[in-house]
Amino acid sequence: MQICHRWNIPVVPRGAGTGLSGGALPLSNGVLLSLAKFNHILAIDPHNRTAKVQPGVRNLAISKAAAPYKLYYAPDPSSQIACTIGGNVAENSGGVHCLKYGLTIHNVLALKILTMAGDQISLGGTALDSPGYDLMALTMGSEGLLGVIIEVTVKLLPLPERAQVILAAFNEITKAGAAISGIISAGIIPAGLEMMDNLAIRAVEDFAHSGYPRDATAILLCELDGNNVEVSYQVHKVKKLLSHYGATEIRIAKDDQERAALWKGRKSAFPAMGRISPDYYCMDGTIPRKRLPEVLAQINKLSQEYKLPVANVFHAGDGNLHPLILYDANQPGELARAEQLGAKILELCLAVGGTITGEHGVGIEKINQMCIQFNADELQQFHALKAAFDPKGLLNPGKAIPSLHRCAEFGAMHVHQGKIPFPDLERF
């Protein structure tokens, strides 16, 4: 890092490369710094319920190492079998259990990073609070722009006494959306609350054979965990709520094997698309839960407009959408249409009061939509924070934060083409 800083050589930190927004793509002129071999679990502290790990440790490996102490690491992205904890920090990853247990930021206690100049900085700590600015929170989700992560201390949780999954099928998307709001409004916070539409259901069932009802318009997977008494009460209450909101079928996993089979289907959604489409483009945006039915209806209209199927799989509890746009890159124009459709979906999320990312980050994929979500003053503040850590702009340049010039060009192009309203272009 010191040598690259001295000679003004850009550096792109990279872990397992499972990221979906192009945040760790190498540059044509610079150093690609692989952290994959920094894969040691340095310490497990069962008394304080922490684990100290290097950035190349796989997400799932932490829970496996903690299992003998009846502990686990809560965040579980669908790629957890391969993705690394350093990448999870860089993107502030979530997963199916983020509704109850939070994102990476809620489960990391301390970080060690190297600045672009090669200085080592320790952030956070194992105490409940630490003096000074909360720079660890600033580093979470910073996509490699502020420093290179070299050590992470994570919080471990006790394995719940019981975890049970309920599958509910619906014949209308609006009913499933209402059920989601109803469960949360009733004061129940499930460990996971996931939703899939019919195209995703059929693809997953052909791939994973999880026993999903193929004719359902949508299904919900609701996992409840805790002690036996708590889970029994919540299962009974959720079952009544699902019936109230019009579920056509309700199925409760009888044992851990059936529970695992239901989750295998959800976590196999992305690879399952390979059976029905040569290529797919996975989007990531977040919306208020109450806007879910209208957003899905609008996505369906956009799908018809761009003549590309969209399978919807998402973390319904926190409104984090993952529309999967199916296309064939060998067909002229389909890749471009898929990217245009993806941009429209992100802009739709913004239009209903949401945001352009829930857990995948911005990278290079969503950098133009940053120009819509944030104004010039906000973007300048982002650049000022970047400059405080990396004055030369050598760490992962060109990612996550657009230049004001780029935003001006993007806005002018869309105003000229009449694609999106951009009335305050003069701010750039």
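**Exercise 1.** Which residue takes a positive phi in the hairpin of β3 and β4, and how many residues lie between the strands?

*Solution.* Start with the basis. This is a predicted model, where local features need pLDDT of at least 70, side-chain atom pairs count only at pLDDT 80 or more, and totals for chains, interfaces and linings use all residues. Residues are numbered from 1 along each chain as its sequence is written, and side-chain values use heavy atoms, with hydrogens and water left out.

Step 1. Find the strands. β3 covers residues 41-45 and β4 covers residues 50-53. Strands are DSSP E runs of at least two residues, helices are H or I runs of at least four, and both are numbered from the N terminus.

Step 2. Check the pairing. β3 and β4 pair in the antiparallel sense over four bridges; pairing requires at least two DSSP bridges between two strands. Asp45 stands opposite Thr50 in β4.

Step 3. Read the turn. Four residues lie between the strands, and Arg49 has a positive phi near 55 degrees.

**Exercise 2.** Locate Asn8 and Lys70, then state how exposed Asn8 and Lys70 are.

*Solution.* Step 1. Recall the background. Most residues other than glycine have a negative phi.

Step 1. Take Asn8. Its phi is near 55 degrees, a positive value. Asn8 lies in the loop between α1 (2-6) and β1 (11-14). Asn8 counts as partly exposed because its relative accessibility is 46%. The classes are buried (under 20% relative accessible area), exposed (over 50%) and partly exposed (in between), with a 1.4 Å probe and protein chains only.

Step 2. Take Lys70. Its phi is positive too, about 60 degrees. Lys70 is in the loop between α2 (59-66) and β5 (71-72). Its relative accessibility is 63%, so Lys70 counts as exposed.

**Exercise 3.** Describe how domain 1 meets domain 2.

*Solution.* Step 1. Domain 1 is 1-158 and domain 2 is 160-276, from an automatic or database domain assignment. Their C-alpha centres lie 30 Å apart.

Step 1. Count contacts (heavy atoms within 4.5 Å). 13 residues of domain 1 touch 14 residues of domain 2.

Step 2. Take the buried area, the accessible area (1.4 Å probe) that two parts lose on being put together, summed over both. It is about 1100 Å², with 54% from carbon and sulfur atoms. Val96, Leu99 and Lys100 supply 52% of the area that domain 1 buries against domain 2, more than any other three residues.

Step 3. Look for salt bridges (a Lys or Arg side-chain nitrogen within 4 Å of an Asp or Glu carboxyl oxygen). Two cross this interface. Lys100 forms a salt bridge with Asp225, with the closest N and O atoms 2.7 Å apart.
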